[in-house]
Amino acid sequence: MVCGSLNYLTFGLRSVWFHATNVALHAAATVLFTRVCLTIAGLRQNFAILAGVLFAVHPIHTEAVTGIVGRADVLACIFFLISLLVYHGRSHHADMNSIWLSIVLGGLSMLAKETGITVFLLNVAYDTYRNWPALKRTVQDMRWSEETHQFGRRVSRVLLSMGVLLAVRLALLQGSLPRFSQQDNPTAFHPNLYVRLLTFCYLAAFNWWLLLCPSTLSHDWQMGSIPLVTTLSDPRNLITFIAFGAALLFVCRGLMDSKLHVFLSVRVSTYPSVIAFAVPIR
């Protein structure tokens with residue numbers, strides 16, 4: 001709303017400047033995404049640039065960039081990515097000033113669009129992944145290390161702040177959850193739980209498919225634009241099965257790679273001591 005007001009105060013109601021602002025914001029999001037690929041994902045520079053180019057030209061982003069109302073998605077993405085970079089991008093262990101700044105940026109992402117609050121969960125999940133060896137040692141030794149203590153302080157602040165932001169959001173809505181009409185979300189209003197479950201699962205699979213094959217796009221997915229899945233014999237359930245099966249395989253492979261990485265790290269760290277023990281001192 002603030003960004004749109006600035007557009008209006010600066011350029012009036014000329015639509016070209018609203019679209020130009022959206023394109024500029026998308027360009028900023030692309031740069032931030034490339035930076036995330038470099039500093040957090042650890043990709044090589046060429047691969048990070050390639051990922052940034054794919055992010056910039058992916059057709060699915062036209063739904064948010066070409067429509068003025070989609071600016072909320074772009075702003076939420078920008079604050080989301082900056083929050084990630086502030087939390088994880090500076091060093092292996094972020095200081096408390098970085099944590100608080102990341103929390104503020106996460107709050108701005110949520111103000112742009114409610115889904116921005118997921119950055120808090122992602123920050124905690126990735127912080128847990130990076131500190132998993134220390135956490136595992138703490139559980140095995142039954143003793144808190146300084147590294148684990150710092151991790152607990154960071155996570156507690158993030159989760160507490162997320163709870164406060166959720167409470168403030170509910171207070172602004174006078175204690176009620178956001179209300180949508182049947183026209184906005186016909187699936188949620190269907191009386192049959194079975195149909196709602198099948199359709200919502202298919203919608204998730206359908207959005208994953210759009211990332212691979214964005215052949216069907218729309219500026220507004222409502223008014224029954226996607227028919228409900230009412231029976232198990234619906235062929236679209238096959239897409240749901242494949243999508244969730246692939247997601248499960250990716251999760252299993254990631255856990256296996258993570259365990260292998262921890263195992264190799266332990267072997268490499270103990271190898272010099274083994275050599276020192278085996279070679280006699282003269």
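Biologist: Contact means heavy atoms within 4.5 Å. Which residues does valine 158 touch, not counting residues up to four places away in sequence?

Modeller: Setting aside residues up to four places away in sequence, valine 158 touches Tyr87, Ile99, Ile103, Phe120 and Val124. This is a predicted model, in which local features need pLDDT of at least 70 and side-chain atom pairs count only at pLDDT 80 or more, while totals for chains, interfaces and linings use all residues. Residues are numbered from 1 along each chain as its sequence is written, and side-chain values use heavy atoms, with hydrogens and water left out.

Biologist: How many helices and strands does the protein have?

Modeller: There are 11 helices and zero strands. Helices (H or I, at least four residues) and strands (E, at least two) are DSSP runs, numbered from the N terminus. Along the sequence the pattern is α-α-α-α-α-α-α-α-α-α-α.

Biologist: What share of the residues is buried?

Modeller: Of 282 residues, 29% count as buried. Buried means under 20% relative accessible area, exposed means over 50%, and partly exposed lies in between (1.4 Å probe, protein chains only). The protein exposes about 18,700 Å², and carbon and sulfur atoms supply 70% of that area. Accessible areas come from the Shrake-Rupley method with a 1.4 Å probe; for residues, only the protein chains shown count as cover.

Biologist: And what percentage of the contacts between residues at least 6 apart join residues at least 24 apart?

Modeller: The figure is 64%.

Biologist: Is helix 5 mostly covered or mostly uncovered?

Modeller: Mostly covered, since 13 of the 18 residues of helix 5 are buried. The length of helix 5 (residues 71-88) also agrees with expectation, because 18 residues at 1.5 Å a residue should span 26 Å and the end C-alpha atoms are 26 Å apart. The expected span of a helix is 1.5 Å times one less than its number of residues.

Biologist: What about helix 6: which helices do its buried residues pack against?

Modeller: The buried residues of helix 6 pack against helix 5, helix 7 and helix 9. Among those buried residues are Met96, Ile99, Leu105 and Met110. The 17 residues of helix 6 should span 24 Å, and its end C-alpha atoms are 24 Å apart, which agrees.

Biologist: How do helices 6 and 7 cross?

Modeller: Two packed helices are described by the angle between their axes and the distance between the axes. The axes of helix 6 (residues 96-112) and helix 7 (residues 118-130) come within 8 Å and cross at roughly 145°. Axes are lines fitted to C-alpha atoms, for helices over the stretch in contact, and angles run from 0 to 180 degrees between N-to-C directions. Ser102, Ile103, Gly106 and Gly107 in helix 6 meet Val119, Phe120 and Asn123 in helix 7. The residues of this contact divide into three nonpolar, four polar and no charged. Ala, Val, Leu, Ile, Met, Phe, Trp, Tyr, Cys and Pro count as nonpolar, Asp, Glu, Lys and Arg as charged, and the others, Gly among them, as polar.

Biologist: Is serine 102 buried or exposed?

Modeller: Serine 102, in helix 6, counts as buried because its relative accessible area is 2%. Not counting residues up to four places away in sequence, serine 102 touches Ser83, Val86, Tyr87 and Asn123.
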